[in-house]
Amino acid sequence: MFLVCLLNWYFSKFHLSYFIEFSAMTAMALKDKAADLDKKFKDITRRDRFLIPKLNGKDTTYLCGNSLGLQPKQTRKYVEAELSKWSEQAVEGHFKEPNPWLYNHRQFTKYAAELVGALPEEVVIMNTLTVNLHLAMVSFYRPTKNKYKIIMEAGAFPSDQYAIESQVDFHATKGGEHIFEPKHAIIEAAPRKGEELLRTEDIISLIHTHKDELALVLLGGVNYYSGQYYDIAEITKAAHQVGAMAGFDLAHAAGNLPLHLHQRQVDFAVWCNYKYVNGGPGAPSGFFVHQNHFSDRELPRFAGWWGHDETSRFKMEKGFKPMYGAEGWQLSNAPILAMAGLKAPLEIFHEVGIDTLRQKSIELTVYLEGLIQAINLEKGKEIIKCITPKNPEERGCQLSLVVPGYGKNLFEAISSDGVICDWREPSVIRIAPVPLYNTFNDVYDFYEILKRHL
Ligand SMILES: Cc1ncc(COP(=O)(O)O)c(C=O)c1O
């Protein structure tokens, strides 16, 4: 009965319908509940379109889309089609149908833009994430003697920290002249003492505190460690109010939740396509520049021939003329085999729609959260602490679990029992039920396995 009450409270906080339903349920009925919810979302779930890794001949409980998404069954066919094209057409493949390689990147633009809420001309698929982060900063971090600071998250993903630090060092002196002091340039937004999450009001307040020197606010969309989803609209608005740019690393947000980048006036964003987008290990990255910047001729950028005006690219002339929109930031011709990995998942996202997926995602993660709390209740204390925001509006699908003193051992135990998730130092087990291919039953299986090892 306690369990039922707790679940009722939990679900009712954000889902009134669950409150009514769960009030009549026993703990044993939770598995049936999973089956009911899987039925409810059966038209959204595309599990049958993905390859699920197996352990001892049985599907694993794969909850690791936050690290590497699964392979769509169709991907092999699309990669093989490019291999065949290469073997049959060789260099002529650049110009010949089907899908001339010259325009290869463009086949992804519409669906990738749809996924992140952008205009097609604001998006291009190219390079890898950290490379794109640097390219975006070349254009949007233009520090001066007075305006040179960057606000970022304390404990951001290391690659972001290194990219930002190296950009700051790069700009701090010019021709031997000292422009600004690098050690004062990076402002880290951190949770309050004793808290795990960043408060939007604290980020905004930091923006206002540093308003006169602030050049850029650069945050993750969803924090890789805590799973917190930042208020992109409010942060962008505040950055613009003080004349700073707003950019986001959407590695953990793209394909996870709707982002509305165009509408929210985000200046730039970059993301990887190997996590929630399921484009394959090291898949080419996404790059977004807001239309507001297209006509800015002063915007510096690092150029390459693939960003040059397509109509004169092969004239091999001096003088870089950028293509219109995000495509003008391209450097190189596209890595065709790697790009092929993006075709199937983007088609699936287009078919289902990120807004629809989000509805299932919210319920899937709330269900997971409810089961974690059920374990705590059974044990009579909070042995598993979830540091991810409780409000579904402030998170994607990932929950970050902390089990003091036993976290790493628990992670290893459940891994050997068929759960695929990940461990992030110093103390988090990340669990990400992905609405495209995970089911409520997967989450229930995870709960059973977890209980066995506690
Ligand atoms: C938030 C974030 N930023 C940057 C990176 C680095 O990505 P890449 O190796 O594709 O450059 C990752 C990788 O997981 C990440 O999670």
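Predicted model: local features only at pLDDT ≥ 70, side-chain atom pairs only at ≥ 80, totals over all residues.
**Conventions.** I number residues from 1 along each chain as its sequence is written.

**Domains.** I looked up the domain assignment of the protein chain, which gives domain 1 (2-72 + 356-452) and domain 2 (78-351); such bounds come from an automatic or database domain assignment. The centres of the two domains, taken over C-alpha atoms, are separated by 31 Å. I then turned to the contacts between them, two residues being in contact if their C-beta atoms, placed from the backbone, lie within 7 Å. By that criterion 25 residues of domain 1 touch 23 residues of domain 2. On the side of domain 1 that touches domain 2, β5 (71-72) and β16 (399-402) each supply at least two residues; I take strands (E, at least two residues) and helices (H or I, at least four) as DSSP runs, numbered from the N terminus. The residues on that side divide into ten nonpolar, nine polar and six charged, where Ala, Val, Leu, Ile, Met, Phe, Trp, Tyr, Cys and Pro count as nonpolar, Asp, Glu, Lys and Arg as charged, and the others, Gly among them, as polar.

**Seven-stranded sheet.** I traced an open sheet of seven strands in the order β6-β14-β13-β12-β11-β7-β10, with mixed pairing; two strands pair if DSSP finds at least two bridges between them. Its edge strands, each pairing on one side only, are β6 (123-126) and β10 (186-189). Neighbouring strands are turned by 20° against each other on average, direction ignored; for such angles, axes are lines fitted to C-alpha atoms, for helices over the stretch in contact, and values run from 0 to 180 degrees between N-to-C directions.

Strand β13 (residues 268-271) pairs with β14 (residues 285-289) in the antiparallel sense over four bridges, and Trp271 has Gly286 in β14 as its bridge partner. Helix α6 (residues 129-140) packs on this sheet, touching β11 (214-220), β12 (245-249), β13 and β14, and its direction makes about 170° with that of β13. Strands β12 and β13 run parallel and are joined by three bridges, with Phe248 opposite Ala269 in β13. Helix α7 (residues 158-172) lies across β7 (149-153), β10, β11 and β12, at about 170° to β7.

Are the faces of β13 buried or exposed? Phe268 and Val270 on one side and Ala269 and Trp271 on the other are all buried, that is, 20 or more other C-beta atoms lie within 10 Å of their own, against 12 or fewer for exposed and in between for partly exposed, with C-beta atoms placed from the backbone.

Setting aside neighbours within four places in sequence, I find Val116 in contact with residues including Val123, Leu250, Ala269 and Phe288.

**Four-stranded sheet.** A further open sheet has four strands in the order β15-β16-β19-β18, with antiparallel pairing. Strands β15 (385-386) and β18 are its edges, each pairing on one side only. Three bridges join β16 and β19 in the antiparallel sense, and Ser400 has Arg430 in β19 as its bridge partner. Helix α12 packs on this sheet, touching β15, β16 and β19, with its direction at about 15° to that of β16.

**Local backbone.** I noted a cis peptide bond from Glu97 to Pro98, with omega near -5°; Pro98 is found in the loop between α4 (75-89) and α5 (109-116). The bond from Glu425 to Pro426 is also cis, with omega near 5°, and Pro426 is found in the loop between β18 (422-424) and β19 (428-431).

Although not a glycine, His260 has a positive phi of about 50°; His260 lies in the loop between β12 and β13 and is partly exposed, with 14 other C-beta atoms within 10 Å. Met316, likewise not a glycine, has a positive phi of about 55°; its place is in the loop between β14 and α10 (336-340), where Met316 is exposed, with 7 other C-beta atoms within 10 Å.
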